[in-house]
Amino acid sequence: MRFVIALLVFVSIAAQAVIETYEFSDPALEERYRQLSAELRCPKCQNQNIADSNAPISQDLRRLLYEQLEAGASDEEILEYMVARYGEFVRYRPSYDGATLILWLAPLGLLVLALVGVVATLRGRRSMSEEALLDPGQQQRLDELLEQAGQDK
């Protein structure tokens, strides 16, 4: 029974996989195709690249990618074409420019803010503990009271 269930799971997973039928003139083009199709996001799907998506638009993009690679386009030319057509959203790693600057710098800014918060909190605790210390007059009075309480016993 377990074997049948495992076989059904395996068959269902294999049925969902994308099967590419493109024949490349050069193995290097096929490798570039795999890299670029993994880097390009499916415009219709949520968090799927065009290599993993079975959506019709992803199939079109894979075909377009294949055609551009065979035509001799560079990776940058292909990415620029895809961005011009579908926007920066189509790239998993957006380019570094003025429009995407906040995407690249936001994690660093949040980290700096967190560090500033931690340092401010630690300094606040340190100053509170220093303020909690008694001045010499108060310490002397406390010692006298403790000594008097000890004598009263």
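The paragraphs below lead through the structure from its overall fold to individual residues.

This is a predicted model, in which local features need pLDDT of at least 70 and side-chain atom pairs count only at pLDDT 80 or more, while totals for chains, interfaces and linings use all residues. Residues are numbered from 1 along each chain as its sequence is written, and side-chain values use heavy atoms, with hydrogens and water left out.

The secondary structure of the protein chain consists of six helices and zero strands, which gives the pattern α-α-α-α-α-α along the sequence. Helices (H or I, at least four residues) and strands (E, at least two) are DSSP runs, numbered from the N terminus. The mean pLDDT, the predictor's confidence in each residue from 0 to 100, is 86 for the chain, and 88% of the residues reach 70 or more. Where pLDDT is low, the predicted coordinates should not be read in detail.

Of the 153 residues in the chain, 20% are buried; buried means under 20% relative accessible area, exposed over 50%, and partly exposed in between (1.4 Å probe, protein chains only). Contact means heavy atoms within 4.5 Å. Among contacts between residues at least 6 apart in sequence, 49% join residues at least 24 apart.

The largest nonpolar core has 19 residues, and L65, L69, I78 and M82 touch the most other members. Helix 2 (27-39), helix 3 (56-70) and helix 4 (75-86) each supply at least two residues of this core, and the largest share, five residues, comes from helix 3. A nonpolar core is a set of buried Ala, Val, Leu, Ile, Met, Phe, Trp, Tyr and Cys residues joined through side-chain atoms within 4.5 Å. In soluble globular proteins, nonpolar side chains tend to be buried together. Beyond its neighbours within four places in sequence, L69 is in contact with F24, L29, R32, Y33, L36, D75 and I78.

E39 lies in helix 2 and counts as buried because its relative accessible area is 12%. Leaving aside residues up to four places away in sequence, E39 touches L79, V90, R91, Y92 and R93.

The loop between helix 2 and helix 3 holds both K44 and N49. K44 counts as exposed because its relative accessibility is 61%. Residues up to four places away in sequence aside, K44 touches A55 and I57. The C-alpha atoms of K44 and V90 are separated by 9.9 Å, with the two residues 46 apart along the chain. N49, in turn, counts as buried because its relative accessibility is 12%. The side chain of N49 reaches the backbone oxygen of A38 at 3.3 Å and the backbone nitrogen of D52 at 2.8 Å.

Helix 5 (residues 101-131) has 31 residues and reaches 44 Å from its first C-alpha to its last, close to the 45 Å expected at 1.5 Å a residue. The expected span of a helix is 1.5 Å times one less than its number of residues. Helix 5 has a kink of about 30 degrees centred on P107, where the bend at a residue is the angle between axes fitted to the seven residues ending there and the seven starting there.

Methods:
A polar contact is a pair of N or O atoms within 3.5 Å; within protein, one must be able to donate a hydrogen and the other to accept it, and residues adjacent in sequence count only if both atoms are side-chain atoms.
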